[in-house]
Structures are given as C-alpha cells and as structure tokens.
Amino acid sequence: MTTTSRIEWTEQTWNPTVGCTKVSPGCKNCYAEVMSSRLRAMGTPGYEHGFELRLLEQRLQDPLLRKKPTVYFVNSMSDLFHDDIPDAYIEKVFDVIERTPHHTYQILTKRAKRMARFFAKRPVPKNAWMGVSVEDKRYGVPRIDFLRKVPASIRFLSVEPLLEDVGALDLAEIHWVIVGGESGPKARPMQQSWVDAIRIQCEEQKVAFFFKQWGGWGADGVKRAKKHNGRELHGRTWDELPAQTVQF
Ligand code: SF4
C-alpha cells in the first residue's frame, strides 16, 4: 500500500516497515507515533502493533505495480536504518528502488551512522535521494558528515523540527536543505533568525533551500493552527529543488 502524501516536498509515501523508537530530541513529538496509534485504533492493516517496529514484506512490491513516475517518501512511519531492520531487508527495499528507475525515492534517517556503514560497500541507486534529520547541534549536525559519505546522486537535510540555532553548517556535497517548524498540540517554537541563518548559508554555499512550514508557531512568535502560520518567509515561499530534479 502506498499513500498520497500531504508532505509538501513529495507525492506518495511507501512504508515497507512501520514503527520505530526514539533516538534524539527531534523524536519527542513523533508524528508517526501519534498516527500509528490512531491507525491501530481504526484497525488499519499494518498497524496492529501500533508503533512497534514491523517489517511489512507484502508492501515491498507496491512501487513495481505503479507505472506512473512517482516521487516516493520512503518510511514516513518508520526509519529504514533502525537497528532492528536487518541488512538483508534493507537490501530488498533498495532492490525494488533499483528495479523502478521511473520513480524517485526520498529516504530520510536519524540513524546516519548505520546508513553510512550500509553504503560503505554498496552503490546507491541513482533514483534514491538520501537525507538526514538535523534538528539541533548535538544530535542533528553530526549526521551531516555521515551523509556526506553516502555516494548518493542527491543528498539532503531535513531541518525539521528546527529546535535551535544550529550554527555554522558545512554544506559541501549537500544538494538540498528543507527547513520547517514543528506542528501539533505540543509543538516547540522556531525563531525566524534560526531559519534565516540556514537560508543564508544555503545561498552562500549554493544549496537549494526549501521552506516547508512554520508549524505551530508563527513568524511573530504566536502559537496558532499550522494552516494560519503558513509557509511564507519574508513574504514569499521558498520552494527550490536540487539541480538534478523531478517535477512534483
Ligand atoms: S526516528 Fe523518526 S520515526 Fe523514529 S521515533 Fe524518531 S521521529 Fe519518529
């Protein structure tokens, strides 16, 4: 089963695994955890165990059945490089990716070290964009160095939820940076100066910058519904995509 995505920078989600465990402050109000318990309560197949990690082999074939070129966000409800997912299973996922060159896959992890280890001796399919989450200085920023080791055609950062000023970033060999604030009732605030600091570094280092959303707190520091805070920064949207790109 793949699902049309409401994420601003992708088209469909594909979850060949579901469930996860928390590793860093960005996980605190994990959307996948909340959704998993909702889906479990609704009796949705695949979520019988809520947020416990599960490999869903029956979903591996889904992209092979779809002829229309599609941008997939892989594992919106999990983390593909979680310790409990065997290498052999991750290989199956990348085998499907390789066999469907008409699709583009965006794979985001907080387990950057394992991702780098996994690809130390394996090529990355050309249609797989590999990314890491960078929510803060302590846990997020060090993931960038691991990502740089991954021989992907597109490497990207998901700076969401941005929890503090992440300081100076080395964006060498990084192609795309997405920034966003946290949503949901427990959202933590994001300051415009933190976003601007990243945007300016993207400009200086010639990296595509995408501003996804303010989330639960507006540019004015007021908490309100996400839809009222919108996506504008300095009166405009920022929707840059990496150079070797696809049409959304
Ligand atoms: S790594 Fe992602 S899916 Fe896993 S707990 Fe953290 S935020 Fe949730």
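Me: How many disulfides are counted in this structure?
Reply: The count is zero, where a disulfide is a pair of cysteine sulfur atoms within 2.5 Å. The structure is a predicted model, in which local features need pLDDT of at least 70, side-chain atom pairs count only at pLDDT 80 or more, and totals for chains, interfaces and linings use all residues. Residues are numbered from 1 along each chain as its sequence is written, and side-chain values use heavy atoms, with hydrogens and water left out.

Me: Why is Cys202 called buried?
Reply: The relative accessible area of Cys202 is 1%. Buried means under 20%, exposed over 50% and partly exposed in between (1.4 Å probe, protein chains only), and Cys202 is therefore buried.

Me: What makes Cys20 count as buried?
Reply: Cys20 has a relative accessibility of 13%, so this residue also falls under the 20% limit.

Me: Which residues surround the ligand?
Reply: Cys20 is one of them, together with Thr21, Lys22, Cys27, Cys30, Ser78, Asp79, Lys110 and Arg111; the criterion is a heavy atom within 4 Å of the molecule.

Me: How do the residues of this shell divide into nonpolar, polar and charged?
Reply: Three are nonpolar, two polar and four charged. Ala, Val, Leu, Ile, Met, Phe, Trp, Tyr, Cys and Pro count as nonpolar, Asp, Glu, Lys and Arg as charged, and the others, Gly among them, as polar.

Me: Which residues touch the most other members of the largest nonpolar core?
Reply: They are Phe81, Phe94, Ile107, Met130, Leu157, Val177 and Ile198, in a core of 51 residues. Such a core is a set of buried Ala, Val, Leu, Ile, Met, Phe, Trp, Tyr and Cys residues joined through side-chain atoms within 4.5 Å. Helix 3 (residues 87–99) gives the most to this core, with six residues; helices (H or I, at least four residues) and strands (E, at least two) are DSSP runs, numbered from the N terminus. At least three residues of the core come from each of domain 1 (1–22 + 29–109) and domain 2 (130–248), with bounds from an automatic or database domain assignment. A second, separate core has ten residues, including Val18, Cys30, Met35 and Leu39.

Me: What is the separation of the centres of domain 1 and domain 2, and how many residues does their contact take from each?
Reply: The centres, taken over C-alpha atoms, are 22 Å apart. The contact (heavy atoms within 4.5 Å) takes 14 residues from domain 1 and 20 residues from domain 2.

Me: Why is Arg199 called buried, and what does this residue touch?
Reply: With a relative accessible area of 12%, Arg199 is under the 20% limit and is therefore buried. Arg199 is placed in helix 6 (residues 192–204). Not counting residues up to four places away in sequence, Arg199 touches Phe209, Leu233, His234 and Trp238.

Me: Why is Asn75 called buried, whereas Glu173 counts as partly exposed?
Reply: Asn75, at 3%, is under the 20% limit and is therefore buried. Glu173, at 49%, falls between 20% and 50% and so counts as partly exposed. Asn75 lies in the loop between strand 5 (71–74) and helix 3, and its phi is near 65°, a positive value in a residue other than glycine. Glu173 is not a glycine either, and has a positive phi of about 65°; Glu173 lies in the loop between strand 8 and strand 9.

Me: Which residues does a cis peptide bond join?
Reply: Glu160 and Pro161 are joined by it, with omega about -5°. Pro161 lies in the loop between strand 8 (154–159) and strand 9 (176–180).
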